[in-house]
Amino acid sequence: MPQVRIIAKNFMDMVASLPAMKLDRLYQNAFICEAILRSLPPLAKKYVVQILFFDGPVSGKLLEQWVLADGVTKHRVAIDRLIQLRIFIEVSDKKRESSYKLNQTFQANLRKHLTNGGVLPRETMAAVVKLPNLEELDTYALEQWECFLLLLISSGQAEKPSSLSSSMMKIFQRGLLSQRDRDAPRLTEGGFQFLLMDTNAQLWYIIREYITNSEAYNINTLTEIQRNTIKDLAELGLVKLQQGRKESWFIPTKLATNLSVSLTDSSSRKQGYVVVETNFRLYAYSSSKLHCEILRLFSKIEYQLPNLIVGAITKESLYTAFENGITSDQIISFLQQNAHPRVAERLPSVPENVTDQIRLWEADLNRVEITPSHFYDEFPSRDTFEAACDFAREWNGLLWEDSKKMRVVVKAEIHMNMREFLRGQK
């Protein structure tokens, strides 16, 4: 099962890993070019915009002059990202000095888009179709998304029955769920980690996995495959399907529109709800069943009021989280990202004694290392025992020996060789 890469591995990494031919096909769409530009690191955006209307290569030395001395690292990161995405094509002159030119397809379409403005083609909707207002759209998206996450935690937790399509279930079973024989699906380590991710990061993960197993299709007309894709996105709350008398429509929700915002942009983040005190008590100002279940992954929930969840971070609750594959850094990051506004502005937003203890408990659990091994005793003579110990040392497989009682423990990987050796000693 592939592990979920928290935060660092997002949709842009998936785009960068595409073959050159597929990247060039993507850049034929001006709206994709705009989305890629928005998601670039700030310095990379600056380079693209500054040379967008310049034909021909630009010297690497010239680009270096555009940054201050303390910005060298950011400069290298920006150049590397642009090369990975094939936005920058590296060329060498006669002096073998590096220069960069913009990908012609990307450059031409982004120029048109920025010069002429870009608006997705829309058809006039019949007056009989009642559109939801923004509040209704947000409520719908939240309900769909929370229902989906509850289905991941436990199929019995969702308030409405599971109706996820087979294509969506394949995505979850590949990285988030595992199932043996006729047993019910269980969350993998990646699944537990997924639940603590920021909403935008969760959505990028799903979209990345979805697109990895799909091809790009013309957006001007909706084929049967595209209609099925829209239905899958509706189940997640990214779009809302609206049925008229003769035609169906889909409306993007905030979950979808926020995807074009960088993961590091805090302006799109939802308001936090968690307060952690120095005595390890946890208070979550929320009535969401989903919030309660996510907090239960690493804390002991004591009781839930209509608008308040009360719990405690205990050694036992954290050990359960660690055994499920959740790390201390992920728990601390979750608490910081979801800190209530009352404590979010103070530094640190989570008390240091709490974060330090969470890390110490994880280190304490990891202190014991399990090594498959075999135990040998009842040696016929001391010479045989000492020869066996020497043999294990030579193979770098000796774990423990008791010379008084002539007992020895060796790594499982040399067990067969040890048996053959001992047979030859008889």
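This is a predicted model: local features need pLDDT of at least 70, side-chain atom pairs count only at pLDDT 80 or more; totals for chains, interfaces and linings use all residues.

Me: Why is Glu146 called buried?

Reply: Residues under 20% relative accessible area count as buried. Glu146 has a relative accessible area of 18%, and therefore it is called buried. This residue belongs to helix H8, which covers residues 134–153. Apart from neighbours within four places in sequence, Glu146 is in contact with Ser288 and Leu290.

Me: What makes Phe194 count as buried?

Reply: The cut-off is again under 20%. Phe194 has 0% relative accessibility, so it counts as buried. Phe194 lies in helix H10, residues 189–195.

Me: Which residues of helix H16 are buried, and what covers them?

Reply: In H16, residues 328–337, the buried residues are Ser328, Gln330, Ile331, Ile332, Phe334 and Leu335. The elements that cover them include H10, strands E8 and E9, and helices H14, H15 and H18.

Me: Is Asn109 buried or exposed, and how do you know?

Reply: Asn109 has 16% relative accessibility. Buried means under 20%, so Asn109 counts as buried. It is placed in helix H7, residues 104–116.

Me: What does the side chain of Asn109 have as a polar contact?

Reply: A polar contact requires a pair of N or O atoms within 3.5 Å. A polar atom of the Asn109 side chain lies 2.9 Å from the backbone oxygen of Tyr27, so the distance meets that cut-off. Not counting residues up to four places away in sequence, Asn109 touches Tyr27, Gln28, Ala30 and Cys33.

Me: Why are helices H3 and H7 called roughly perpendicular?

Reply: Angles of 65 to 115 degrees count as roughly perpendicular. H3, residues 30–39, and H7 pack at an angle of about 95 degrees, with their axes 9 Å apart. H3 and H7 are therefore roughly perpendicular to each other.

Me: Which residues form the contact of H3 with H7?

Reply: From H3, the residues are Ala30, Phe31, Cys33, Glu34, Ile36 and Leu37. They meet Phe106, Asn109, Leu110 and His113 of H7. The residues of this contact divide into 7 nonpolar, 2 polar and 1 charged.

Me: What makes E2 and E3 a pair?

Reply: The requirement is at least two bridges. E2, residues 88–92, pairs with E3 over 5 bridges in the antiparallel sense. Phe88 stands opposite Leu102 in E3.

Me: Why do E8 and E10 stand at the edges of their sheet?

Reply: The sheet is open and is formed by 4 strands in the order E8-E9-E11-E10, with antiparallel pairing. E8 and E10 each have a single partner strand, so one side of each is left without a neighbour in the sheet. From one strand to the next, the twist averages 20 degrees. E8 pairs with E9 over 3 bridges in the antiparallel sense, and Val274 has Ala284 in E9 as its bridge partner.

Me: What is the phi of Phe280, and why is this residue called buried?

Reply: Phi of Phe280 is near 70 degrees, a positive value in a residue other than glycine. Phe280 is found in the loop between E8 and E9. Its relative accessible area is 17%, and since buried means under 20%, Phe280 is called buried.

Me: Why is Asn396 called exposed?

Reply: Exposed means over 50% relative accessible area. Asn396 has 58%, and therefore it is called exposed. Asn396 is located in the loop between helix H19 and strand E13. Its phi is near 55 degrees, which is also a positive value in a residue other than glycine.

Me: Where is there a cis peptide bond, and what is its omega?

Reply: The cis peptide bond joins Leu347 and Pro348, with omega about -5 degrees. Pro348 lies in the loop between helix H17 and H18.

Notes:
Residues are numbered from 1 along each chain as its sequence is written. Side-chain values use heavy atoms; hydrogens and water are left out. Helices (H or I, at least four residues) and strands (E, at least two) are DSSP runs, numbered from the N terminus. Buried means under 20% relative accessible area, exposed over 50%, partly exposed in between (1.4 Å probe, protein chains only). Contact means heavy atoms within 4.5 Å. Axes are lines fitted to C-alpha atoms, for helices over the stretch in contact, and angles run from 0 to 180 degrees between N-to-C directions. A polar contact is a pair of N or O atoms within 3.5 Å; within protein, one must be able to donate a hydrogen and the other to accept it, and residues adjacent in sequence count only if both atoms are side-chain atoms. Angles under 35 degrees count as roughly parallel, over 145 as roughly antiparallel, 65 to 115 as roughly perpendicular and the rest as oblique. Ala, Val, Leu, Ile, Met, Phe, Trp, Tyr, Cys and Pro count as nonpolar, Asp, Glu, Lys and Arg as charged, and the others, Gly among them, as polar.
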